[in-house]
Amino acid sequence: MASLKAALSKPFAKYVAKRIKKWSSKPVETQQNVFQNLIAQAKQTAFGKDHNFSAIATYEDFQANVPIRDYEELKPYVERVVSGEEDVLWKGKPIYFAKTSGTTSGAKYIPITKESMPTHVEAARNAILMYIYETGHSKFVDGKMIFLQGSPILEEKNGIKLGRLSGIVAHYVPKYLQKNRMPSLETNCIDDWETKVEAIVDETINEDMSIISGIPSWVQMYFEKLIEKSGKNVGDLFKNFNLFIFGGVNYEPYRAKFENLIGRKVDSIELYPASEGFFAFQDKQNERGMLLQLNSGIFYEFVEAEHFFEDNPKRITIGEVKLNVNYVMIISTTAGLWAYNIGDTVEFTSLKPYRVIVSGRIKHFISAFGEHVIGKEVEQALKEATANTSISVNEFTVAPQINPEEGLPYHEWLIEFENEPENLQDFIIALEQSLQQQNSYYLDLIEGKVLRPLKITKIVTNGFQTYMKSIGKLGGQNKIPRLSNDRKIADMMYQLNLAK
């Protein structure tokens with residue numbers, strides 16, 4: 001029998017669904033209100049004064065006064081905030097800095113304010129409530145839940161708390177979920193990722209787990225250790241485990257592997273959280289894409305990815321986007337980020353309501369020869385090549401080989417197989433065909449004999465984990481880039497003798 005908590009969650013879910021429908025059915029108006037509120041609140045900040053906010057009345061005014069910036073370009077303002085100055089990017093001081101490891105700029109300090117913090121918590125809660133509203137399933141709220149996340153221990157810098165986003169959010173788990181939540185605070189505070197996973201396995205192996213949440217690559221490690229210790233697959237070990245919540249990477253390359261580890265299908269909810277804001281969550285089980293959060297204090301702009309590096313690329317708002325176009329997403333937020341490029345590319349899968357998928361990173365692409373292959377394309381190629389086969393892949397990345405010892409240049413796929421193809425050549429042909437169909441530039445280069453078809457290099461078991469450990473990025477919020485425009489990762493894999 002369902003508890004009072006499970007019973008009460010249904011009317012609450014209905015109430016939240018109604019509120020979401022209200023703003024998602026008026027997207028342009030909702031975004032206009034967010035825009036005007038942001039400008040009004042930041043007029044007296046240093047950034048607002050420097051960028052003429054008092055004269056900004058329209059979106060066109062905003063475009064004329066506020067250029068697109070990435071973290072490096074916003075850094076002079078962020079450093080003033082970090083040093084303790086008030087009213088710089090947003091009124092007052094932030095309550096937190098989410099510390100992220102930037103690939104080029106060392107540590108990044110992303111401000112989180114008292115206005116922006118609740119939107120992170122609400123979106124995560126609403127994702128679960130929309131699932132309850134759609135499916136009617138609520139019994140899982142009585143089981144144990146695990147959120148694989150960073151350490152909740154926060155440092156302090158000039159009176160502002162500092163930590164990983166997942167560690168900050170850990171302090172906001174609602175009271176009614178506290179006693180169901182795992183792991184214990186003590187375990188959550190363990191810094192070394194492998195030690196932490198071992199401790200989480202010990203704590204959870206005999207519990208009734210109903211929700212498991214985290215980045216797929218971390219959860220995979222947790223599942224493998226559970227199986228190793230118990231001799232059972234995860235679905236048999238946790239009979240009431242029926243909901244997997246994930247974010248951070250595309251789940252598709254992991255799906256077959258996960259179903260194998262669990263031993264059955266489970267429902268899943270995809271989230272799109274980042275230190276800079278909680279942008280979207282999956283609101284429907286059978287619809288592709290995640291509902292873009294247009295009412296969370298974030299004003300969105302979009303630039304077509306293929307024009308992004310031009311001198312003055314066209315910036316558009318939500319009312320002008322089209323389906324299936326690869327856009328760089330630009331945000332302005334109640335945390336004081338202005339026309340900020342977070343580095344992600346998205347595609348719209350629906351315009352009523354607005355749903356997106358994350359198609360890749362604007363920095364993570366291969367265009368060594370003008371082909372501009374993106375993350376979504378290599379993931380799609382892998383999905384198509386493994387469909388209806390027994391092949392499963394643990395992890396992979398793709399790099400250009402510009403100066404091969406002989407023959408034409410090519411794309412090198414470094415793949416750690418869980419279950420290898422019986423015929424590697426057939427698998428390569430399937431990957432190659434899918435990539436050529438998706439990307440006409442790549443096809444032209446193959447046909448024009450500028451490139452030859454891709455090559456596969458097998459990576460030893462747990463090779464990617466070894467690589468991440470070697471660069472000090474195992475666990476945490478760290479993910480393997482699906483592809484790079486250079487050979488840094490590929491060369492390192494060879495140096496560590498992980499390529500066979």
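Student: Is the crossing of helix 14 and helix 15 left-handed or right-handed?
Tutor: Good place to start, and keep in mind that this model is predicted. In it, helix 14 covers residues 375-386 and helix 15 covers residues 424-438. Where these two helices cross, the hand is right-handed.

Student: At what angle do helix 14 and helix 15 pack, and how is helix 14 placed relative to helix 15?
Tutor: Two packed helices are described by the angle between their axes and the distance between the axes. Here the axes lie 8 Å apart and the angle is about 135°. That angle means helix 14 sits relative to helix 15 in a way called oblique.

Student: How many nonpolar residues are in the contact of helix 14 with helix 15?
Tutor: Helix 14 brings residues including Val378, Ala381 and Leu382, which meet a helix 15 group that includes Phe427, Leu431 and Leu435. Sorted by class, this contact has four polar residues, three charged and, for the class you asked about, nonpolar residues numbering eight.

Student: How far apart are the axes of helix 15 and helix 16, and which residues of helix 16 make the contact?
Tutor: Helix 16 spans residues 440-447, and its axis crosses that of helix 15 at roughly 120°, coming within 5 Å. From helix 15, the contact uses Glu432, Leu435, Gln436 and Gln438, while helix 16 supplies Ser440, Tyr442, Leu443 and Ile446.

Student: Is Gln401 buried or exposed?
Tutor: Gln401 belongs to strand 18 and touches Phe369, Pro409, Tyr410 and Arg487, leaving aside residues up to four places away in sequence. Its relative accessible area is 15%. Because that is under the 20% cut-off, Gln401 counts as buried.

How values were computed. Residues are numbered from 1 along each chain as its sequence is written. This is a predicted model: local features need pLDDT of at least 70, side-chain atom pairs count only at pLDDT 80 or more; totals for chains, interfaces and linings use all residues. Side-chain values use heavy atoms; hydrogens and water are left out. Helices (H or I, at least four residues) and strands (E, at least two) are DSSP runs, numbered from the N terminus. Buried means under 20% relative accessible area, exposed over 50%, partly exposed in between (1.4 Å probe, protein chains only). Contact means heavy atoms within 4.5 Å. Axes are lines fitted to C-alpha atoms, for helices over the stretch in contact, and angles run from 0 to 180 degrees between N-to-C directions. Angles under 35 degrees count as roughly parallel, over 145 as roughly antiparallel, 65 to 115 as roughly perpendicular and the rest as oblique. A crossing is left-handed if the near helix is turned anticlockwise from the far one by less than a right angle, and right-handed if clockwise. Ala, Val, Leu, Ile, Met, Phe, Trp, Tyr, Cys and Pro count as nonpolar, Asp, Glu, Lys and Arg as charged, and the others, Gly among them, as polar.
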